[in-house]
Amino acid sequence: MSALPIASVTAVVCPAWCNVTQGTHLRELRWEGRALHWSDVRTGEGWEIRHATATDADGHRVDTEPQVYVTTDGGLTLAGAEALALTLLATYEEATG
Ligand SMILES: [Zn+2]
C-alpha cells in the first residue's frame, strides 16, 4: 500500500507506453483506488490490439495481470494475419517489459 493518502497524490507513475492523461488517472485513483494504463491502439487491416495494466500511484501493479485486447472484424487475409501475429508479439513484449 502507498504511504500517502490518495487525496494527496498529484501524479501517477506511468509506463512509457501509457497514453492516458494524468487527470484521468487521478480520477481513477480517487474513485477506484488504482490507475488503469492503456497503450496506444495498434491497428491493421481488420484488427486492432491494445494492452492495459492497473497500478497504484507509484506504478506498482495491483489487482490483475496485465491484459492484452485483440479485436478482429472476422476473417483476415493471410497478410493481415501475419501483421496481426507480429504486432501481437510486439504488444506482448511491451506489456511484459
Ligand atoms: Zn498511465
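Which residue in β4 is the bridge partner of H51? The bridge partner of H51 in β4 is V68.

## Basis of the report

This is a predicted model, in which local features need pLDDT of at least 70 and side-chain atom pairs count only at pLDDT 80 or more, while totals for chains, interfaces and linings use all residues. Residues are numbered from 1 along each chain as its sequence is written.

## Overall architecture

The protein contains two helices and four strands. Here helices (H or I, at least four residues) and strands (E, at least two) are DSSP runs, numbered from the N terminus. In sequence order the pattern is α-β-β-β-β-α.

The C-alpha trace spans about 50 × 20 × 20 Å along its principal axes. The radius of gyration is 16 Å, whereas a compact globule of 97 residues would have one near 13 Å. That radius is taken over C-alpha atoms, and the globule rule is 2.2 Å times the number of residues to the power 0.38.

Buried residues account for 15% of the 97 residues. A residue is buried if 20 or more other C-beta atoms lie within 10 Å of its own, exposed if 12 or fewer, and partly exposed in between, with C-beta atoms placed from the backbone. Of the contacts with a separation of 6 or more, 38% are between residues 24 or more positions apart. Two residues are in contact if their C-beta atoms, placed from the backbone, lie within 7 Å.

## Strand pairing

Strands are said to pair if DSSP finds at least two bridges between them. Strand β3 (residues 47-55) runs antiparallel to β1 and is joined to it by four bridges; one of the bridge partners is T55 in β3, which faces A35. Six bridges join β3 to strand β4 (residues 67-72), again antiparallel.

Strand β2 (residues 42-44) also pairs with β3 in the antiparallel sense, over three bridges. In this pairing R42 has I49 of β3 as its bridge partner. The two strands form a hairpin with two residues between them, and G46 in the turn has a positive phi of about 90 degrees.

## Faces of strand β1

In a regular strand the side chains alternate between the two faces of the sheet. Strand β1 (residues 35-38) has A35 and H37 on its covered face, and L36 and W38 on the uncovered one.

## The end of helix α2

T96 lies in helix α2 (residues 78-96). T96 counts as exposed because it has 9 C-beta neighbours inside 10 Å. The C-alpha atoms of T96 and T53 are separated by 9.9 Å, although these residues are 43 apart along the chain.
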